[in-house]
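Me: I would like to go through this model step by step. Please begin with the terms you rely on.

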Amino acid sequence: RGTVTAFSPFDARADAEALRKAMKGMGTDEETVLKILTSRNNAQRQEIAAAFKTLFGRDLVDDLKSELTGKFETLMVSLMRPTYIFDAHALKHAIKGAGTNEKVLTEILASRTPAEVRNIKQVYLQEYEANLEDKITGETSGYFQRLLVVLLQANRDPDGRIDEGLVEQDAQVLFRAGELKWGTDEEKFITILGTRSVSHLRRVFDKYMTISGFQIEETIDRETSGDLEKLLLAVVKCIRSVPAYFAETLYYSMKGAGTDDDTLIRVMVSRSEIDLLDIRKELRKNFAKSLYQMIQKDTSGDYRKALLLLCGGDDE
């Protein structure tokens, strides 16, 4: 349920010619660039890039980088990144150089399906000739690192018949590991939240509420802190609803003073062909805000125009 779908009728050569014309000579016709790139899906953008090279012997991404600036440039270049490389690239940047961007590690590894995680690891190895797990363990520590490693194994149980006995057992284990214990047994939270199936965990959260009188999120909030807390909460939210998790992520990227443009761009680009319609709906429902109007208020110029096109409409 994405906002960006395959454009029809599609002509990669015509698009490549229009883009070349828009960037040739003095000044750039940004409007043409953003209209073409936001209305073609990722597979079509890759075809346009190939046609661009064939026709003009130039690299489209290099041209975009030299002709555009600022956040608008970042957004257009992000749109040109092949879908399967997008997450691997974001993770590489989150762990390179001084300081690690835990927020990016949390967002990507908590929200992607096991199949997507396996794909990311494979692409990371091909593109960067490095093992993603080794890179992440080298830059993180403690229980935060352990939960990331569990998620990187991508061995979550597949959804199947729910065993009510096991639901009860897991809910009790979590209750004893958190609320009933002085200190917290983080390992139990990591194992259960990192390996059980989505449908099983949804039942566990309901059962947990019945047993303890608390939502699991409240317990995590009280019993853990820092990066581990953020990651556990992200995992729980994604188990409940991935679109709701991203709606919240987008909401907080624009709420209050200043905008977290990196997060805004990453979510808009990575979800535009998957579930951005659902994310818009959840944002409306949970925050009584329209994503379209938030973007309108928080951004400006060509960057705003492009984001609004990706958003694909307003939810009154």
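Reply: Buried means under 20% relative accessible area, exposed over 50%, and partly exposed in between, with a 1.4 Å probe and protein chains only. This is a predicted model, in which local features need pLDDT of at least 70, side-chain atom pairs count only at pLDDT 80 or more, and totals for chains, interfaces and linings use all residues. Residues are numbered from 1 along each chain as its sequence is written, and side-chain values use heavy atoms, leaving out hydrogens and water.

Me: What percentage of the residues in the chain is buried?

Reply: Of the 316 residues in the chain, 48% are buried.

Me: And how many helices and strands are there?

Reply: The chain contains 20 helices and zero strands, counted as DSSP runs (helices H or I, at least four residues; strands E, at least two) and numbered from the N terminus.

Me: Which domains is the chain divided into?

Reply: The division gives domain 1 (12–80), domain 2 (98–153), domain 3 (164–240) and domain 4 (243–311), with bounds from an automatic or database domain assignment. The C-alpha centres of domain 3 and domain 4 are 29 Å apart.

Me: Switching topic: is Gln126 buried or exposed?

Reply: Gln126 counts as exposed because its relative accessibility is 53%. Gln126 belongs to helix 8 (residues 114–128).

Me: How far apart are the C-alpha atoms of Gln126 and Leu309?

Reply: They are separated by 33 Å, and the two residues are 183 residues apart along the chain.
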